[in-house]
Amino acid sequence: MTITDLTSMGKPQTEQKQEINKRLQKLKDEVSEYCYQCAKCTSGCEAHKLLELEPHKIIALLKRGLIDEMVNSDIIWTCMSCFKCRERCPQKIAPVEVLFALKNMAVVSGKQVPGKYSTILQSVLGIGLIQDIQTVQTKDMKTLKREELKLPEISKPTDPAKFQAGIMKIAMEKI
Amino acid sequence: MAKKIALYPGCMMSTEQYAYELSVRNTLPELGVQLIDIKGFSCCGEPLKSVNQLLTIFLSARNLALIEKEKLNVLAPCAMCNLALCETQHILKENPEMEKRINDYLSEEGLKYTGNIKIYHILDYLYDEIGIEEIKKHVKKPLENLSFATHYGCHCIRPKEIGRPDDSENPQKMEEILNAIGAKTPPYPEKLDCCGGLLQLNLDESALTKSGQKLKAVSEQGYDGLVDVCPWCHKMFDARQKKSAETVATKVELPVFYLTQLIGMTFGINNDKLGLNLNLSAVEKIKI
């Protein structure tokens, strides 16, 4: 299985798209009634000062149904997932969850998966872990392997084919 | 009798942040804990939540199902993994339809998720299950006249709603543990600031700016070191310290430790067993 199965525009993804759309619609219905744009989320946002993410505006745009515009914008990928907006909203709205749904939508719509996300996705699909065992360097430039540190054998999926079959079902399922 | 608990190491700790794994594996047995290894784990899915949240839920439920089979509770010392497992449990409890669906995926590997175990992070496990008094009993060499800044990591304390190891706005468990082993922990304004770790995946320069700003603030305030409990945060503050500092145009030489390393030091466990030779920050500055 390749990354395209999980991300491309193929037929099964239409079903996934519909599901994420439902998720966004549900969030939209939930927020439109409650958010009064106090911007407390933005005042604490870790990505605000540095990358100009404004969670209260994300919610305002969602309210107006401008979902495609956000899906196509790079701004959704600046969230650091610190969950402060979700924690501090006086109305119990979670901009961070809206952002996750928007990013999922961007991926399933066949937009490029940014940065190293595709690498770690490939790795998880292949070996079950975000990366293979790394060799590390000590401060005095000695190179050490995991087994040289007297750590037990790493735990990873014992039967990759069966492990992938489960993920395949996610990628192909008709919802 | 030893307390038995499964160890879920996650990817970061078991593929590169070996100092955390070493210090967890060698410190907890001193406190009467027996860590049980389970075969077949995969990624918790948290780093992929932006790509496909369903995949995150599936991967976490899969790991939980593997642990359930052994009838054990689990210790997930990585804050990211810990959140993924807890959130999955939370979501599936509230959504039986999703639970059914996930169990259908899991049937490919002959697994079944029921959601019937307790998930701990190192912080709540030490504080709530072992207890401060018990930790104190094992201290042979206290961290006298040293003051540390604590960094909890966002995933460790938020969102409160799903149950996290410590309070979201005023976490104090790490302070209390450090005080118990002799160190001072004066508060600082940047305590809840994010390490930027997740941005390493797509906006690395910004990730380094975040960690750089925090490192700068902590060293300017005269702390002897920084303490963390998450391999993602630790990577930013320790292995990537030099680069982080350069990104915010400064120089920082701040010792950065995993909490379990400091506890182990005060218990008299030798440096190699705590992986101290693997910290790339100036940990040699701290001698006890």
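Nine salt bridges cross the interface of chain B and chain A, a salt bridge being a side-chain nitrogen of Lys or Arg within 4 Å of a carboxyl oxygen of Asp or Glu. Over all chains, the count by this rule comes to 27. This is a predicted model, where local features need pLDDT of at least 70 and side-chain atom pairs count only at pLDDT 80 or more, while totals for chains, interfaces and linings use all residues. Residues are numbered from 1 along each chain as its sequence is written, chains are lettered from A in the order in which they are written, and side-chain values use heavy atoms, with hydrogens and water left out.

| Salt bridge | Closest N and O atoms |
|---|---|
| A:Glu46 with B:Lys210 | 2.6 Å |
| A:Lys26 with A:Glu30 | 3.6 Å |

Because A:Lys26 and A:Glu30 are four residues apart in helix H2 of chain A, about one helical turn separates them. Helices here are DSSP runs of H or I with at least four residues, numbered from the N terminus.

Now for the interface itself. Chain B puts 68 residues in contact with 61 residues of chain A, contact meaning heavy atoms within 4.5 Å. About 5,700 Å² is buried between the two chains, and carbon and sulfur atoms give 61% of that; buried area is the accessible area (1.4 Å probe) that two parts lose on being put together, summed over both. On chain B's side, B:Tyr18, B:Ser50 and B:Val51 supply 12% of the area it buries against chain A, more than any other three residues.

What kinds of residues does chain B bring to the side that touches chain A? They divide into 30 nonpolar, 18 polar and 20 charged.

The lining of the largest pocket divides into 14 nonpolar, eight polar and 15 charged residues.

Key: Nonpolar A, V, L, I, M, F, W, Y, C, P; charged D, E, K, R; others polar. Helix = DSSP H or I, 4+ residues; strand = E, 2+ residues; numbered from the N terminus.
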